[in-house]
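Biologist: I have just opened this one and would like a walk through it. Could we take it step by step?

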Amino acid sequence: MTTTPLHAPPGQASASGIPAPTGVVRQPPPITDAGYLASLKKVTQYYVVTAFLALFIGVLIGPLQALNYGGINVYDIPIVKALLKSYYQGLSLHGVLNALVFTQFFISGWLLYLPVRDLGARINMRFAWFTYVLMTAGLLLAAVPLLTNRATLLYTFYPPMQGDALFYIGAAIMVGSSLLVVGQIVLMWWNWKRANPGKVTPLVTFMSVAVWMMWFVASLGIVTEVVALLIPWSLGLVGGVDPLLSKTLFWWTGHAIVYFWVLPAYISWYAFIPRHAGGRTVSEPLTRLVFVLFLLNSTPVGIHHQYADPNISNLWKTVHMFLTFMIAVPSLLTAFSVTASLEDAARARGGRGLVGWVTRLPWGNAIFSAQVLAMISFILGGAGGVVNASSSFSPVVHNTAWIPGHFHITVGTATTLSFMGIALWLIPHLTGKRLPSMRVASWAVWTWFVGMMVFALGMHWQGLYGVSRRAQVSAAAPDVYRDLPIAIPTMLTAISGVILLISALLYFSVLFRMLLSPRVENGEQTPIPYSEAISPAGEKLAAAHPLVRLTEPLMALWVLALALVLLMYGPVLARMVANMQLVPGWRLY
Amino acid sequence: MTSRRPVPRLEHHTLERLENIWLGVAIVMNVLLFTSAIASFVSGTYPSLRGEGGHHITGVQNGRIDPKNIAATPFAKPGLRENPDGTLEAFVVAKAFAFEPTVLRVPAGRPVTFHVTSLDVLHGYQVEGTNINATAIPGQVASFTTTFRRPGTLSTICNEYCGIGHHNMVTRVIVETPQQ
C-alpha cells in the first residue's frame with residue numbers, strides 16, 4: 001500500500017467528470033495481470049448491466065402505479081392488459097425488480113470490485129463468474145411465475161398468500177448467491193490481514209467488508225423463512241404455514257436490507273464524492289466507527305415493522321423501537337461528515353459565507369449532483385423514518401400511502417439515484433467507453449430528484465388521510481376514497497409519475513448510448529475517484545487513532561453483531577415456535 | 001474563480017470538536033424521542049395491542065385460534081357484545097374481500113375492546129382519522145381497547161394487500177351518541 005503525492009492543476013475536469021486530485025490520494029496497488037483485470041472488470045460490468053436492465057423494466061411500470069393513485073386506471077388499457085394481468089401483478093414486478101433485483105445485482109458487482117481493486121488482490125475469477133451465473137439463474141427462475149401472474153405477492157411475499165414454488169426457489173438461489181460474494185470478499189480480506197500484520201485495512205475495503213458482514217447477519221432471517229418454511233409449504237410437503245413466524249423472519253432481513261441498499265452508496269459518499277467536488281474526506285476513523293455502528297445496529301430492529309401485529313410482546317416492540325432510533329446516530333454522523341467534506345470542497349473552490357459556499361459546488365456534474373441530491377432527499381426520508389419507527393406515530397401511517405412515499409425518497413433516491421450517478425463513471429472505468437452527454441445525464445438526475453420529491457409529497461399527504469398502501473384506488477367501488485379531501489395530493493402523485501417517466505427515459509437513453517458505443521480508451525484513464533482525507537487513518541495500526549484500533553477487529557465485531565441479533569430475536573422467535581399455528585395457503589390474485 | 005484572498009480550509013482539530021458536539025446532539029435527540037414514545041405508551045394515548053390477546057375468549061389460547069373452527073367462538077357472531085359486567089367487546093372478522101360486521105355500531109365515550117382475526121390471508125384493520133391500526137392474521141387474534149369520543153361515521157380500510165379485491169375491502173364504524 002503506497003501513497004504517492006500527485007500534484008496536478010486543480011479543477012481540471014476530465015471527460016468522465018472526475019477532476020484530477022489536488023493533494024495526496026491513495027494509489028491502490030496496481031494489478032499487473034491484464035487478463036485477470038479484464039475478467040474482473042467484465043464480471044462487474046455484467047452485474048451492473050443486469051441491475052440496470054431490471055431497473056429499466058421496473059421503472060417503466062412505476063408510472064402506472066403513480067397514475068393509479070391519481071385516480072387514473074391505466075390497467076384497463078388493452079395493451080397494458082395484454083402484458084399485465086392486474087395492478088397487483090404490475091406492482092409486484094415494480095417492487096421486485098427495483099427494490100430486490102436492481103439493488104442486489106448492482107451491489108454484488110460494486111462491492112466485489114471495489115475491495116478487490118482497493119487491495120490489489122487476486123480472487124478466483126471462476127468462482128466470481130459462477131456466482132454471477134447462479135444469481136442470474138435464480139432471477140430467471142423467479143421471473144417465470146412473476147411474469148405469468150403465479151407469484152403476485154408483492155416483494156414482501158407474506159404467507160399464507162401463496163406463490164408458485166418456483167418463485168421461492170428462484171428467490172432463495174438469488175439471495176443465497178449473494179452470500180457467496182460475502183464469503184469470497186471476507187476471505188480475500190482475511191488473507192490480506194494475515195499477509196499484512198499490524199497494518200490498517202484501507203478505508204474502502206473496510207467499509208465494503210463491514211457491509212458484507214452486516215448483510216450476512218441480516219440475510220439469515222429471510223433465508224430461514226424461505227428455505228425452512230415457504231419452499232416445503234409451496235411444494236405441498238407440509239400442511240400449512242405460520243404467517244406471523246414467517247413475517248417476523250422476513251423483517252429480520254427486511255429492515256436491515258434497507259441498510260444493505262444504502263450503505264454501498266455511503267461508501268461512495270464518504271470516499272469518492274469529495275474528489276468529484278474537489279474536497280477531502282473528513283475523517284477516516286469516524287467513517288470506520290459509522291460502519292461498525294451499522295454492522296452492529298442494522299439488524300436487531302425489524303420488529304418496528306410489526307407494531308400492528310398481535311402476539312408479539314410490547315416489551316420487545318419497545319426494545320426494537322429504541323434500537324431503531326439508535327441507527328439515527330451513524331446516519332446523523334454521516335450527514336455531518338459528508339456535508340463537511342462538501343463545504344471543504346466548496347471553500348477550496350472559492351466559496352464563501354455561512355451557506356453561500358453551496359453555489360460553488362459542481363451542480364452540473366451529474367455524477368456529483370445525483371449523489372448529493374440523493375443525500376438531500378434522504379434527510380427528509382430519514383426524518384420520516386423516525387416517525388415510522390415510533391410506536392406512537394406508526395399506527396397513524398402504518399401501511400398507508402405514506403410508506404411508499406417514504407421509501408421512494410430513501411431507497412428510490414439515496415440508493416437508486418446514487419447508483420445512477422456512480423454508473424456514469426463506473427461504466428467508463430470498466431469499459432473504456434465515454435459518457436455521451438453530461439447535459440442529458442444532468443437533466444435526468446435533476447428531474448429524478450424533482451419527480452421523487454413530488455411523489456413523496458403526494459403520497460405522504462394522502463397517507464395522513466388514511467389512503468391505503470398498495471391499493472388500486474382508481475378502481476375502488478366504494479366511494480370512501482372520493483369522500484376524502486385528497487384531490488391535490490393525488491394529483492401530485494399522478495404528475496410525479498410523468499416526471500419520473502421522462503427522467504427515466506433521459507437516463508436510460510444516456511446509459512444505453514454509452515453501453516452501445518465503441519470502446520475509445522483504456523478504462524483506467526477514468527480512475528476510481530479516491531479522495532484525500534483531512535484525518536487519515538494511517539497505515540500502521542499501532543500508531544493509529546484509538547477509533548481505528550477499536551474498529552479494526554471486524555471478525556470479532558461480526559460475531560458480536562450475530563450475538564446481538566440472536567439476543568434481540570431469540571426470545572421473540574422462541575415463543576412463536578412454541579405457539580406455532582399452521583394455516584393453509586391461498587391464492588387470491 | 002473570483003476569490004479575493006485565500007480561505008482557511010477545515011482542519012482536523014476543529015472538525016473533531018464539532019464531530020463530538022454533533023454526536024452528543026444526536027444521542028440526546030434519541031433519548032428524547034424514546035422518552036416521548038414511552039410517555040405515550042404509558043399514558044395510553046394510543047391503542048397499543050395486547051401482547052397476547054383474548055385469553056378469556058372460548059377457543060383462544062396464547063392469542064391463537066383455529067381459523068377453520070371459529071364456529072365455536074364468539075367470532076361466529078361478529079359485532080358488538082355487552083358483557084354482564086357492562087364492558088363492551090367488538091368481534092371483527094376479516095376475509096377476502098370484506099369485513100364482518102359490515103357496519104359496526106359503537107357508543108361514543110365508552111371503552112370498547114376489539115378482537116380482530118382473519119379467515120384466510122393477512123388483512124389490515126385501519127379506522128381512518130384514528131390511530132387504530134391492527135393486522136388481521138389467520139389463526140391469531142389482535143386485541144386492543146379504545147374509546148371513540150365523538151359521534152360520526154368512520155371509514156375502515158383494509159391496509160394489507162390481500163389479493164385482487166384488496167381496494168374494495170372497506171367497511172364503516174358508526175359511533176353513536178349514547179342513549180341515557
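Biologist: How many residues does the contact take from chain B and chain A?
Modeller: This is a predicted model, where local features need pLDDT of at least 70, side-chain atom pairs count only at pLDDT 80 or more, and totals for chains, interfaces and linings use all residues. The contact, meaning heavy atoms within 4.5 Å, takes 72 residues from chain B and 86 residues from chain A.

Biologist: And what area do chain B and chain A bury between them?
Modeller: About 6500 Å², with 60% of it on carbon and sulfur atoms; buried area here is the accessible area (1.4 Å probe) that two parts lose on being put together, summed over both.

Biologist: Which residues in chain B lose the most area to chain A?
Modeller: Those are B:Arg9, B:Tyr161 and B:His167, which together give 12% of what that side buries; residues are numbered from 1 along each chain as its sequence is written.

Biologist: Changing topic, what elements are there in chain B?
Modeller: Chain B has 1 helix and 10 strands, counted as DSSP runs (helices H or I, at least four residues; strands E, at least two) and numbered from the N terminus. With a radius of gyration of 24 Å, well over the 16 Å that the globule rule gives for 180 residues, chain B is more spread out than a compact globule; the radius is taken over C-alpha atoms, and the rule is 2.2 Å times the number of residues to the power 0.38.

Biologist: What does its C-alpha trace span along the principal axes?
Modeller: The C-alpha trace of chain B spans about 85 × 40 × 35 Å.

How values were computed
Chains are lettered from A and ligands numbered from 1 in the order in which they are written. Side-chain values use heavy atoms; hydrogens and water are left out.
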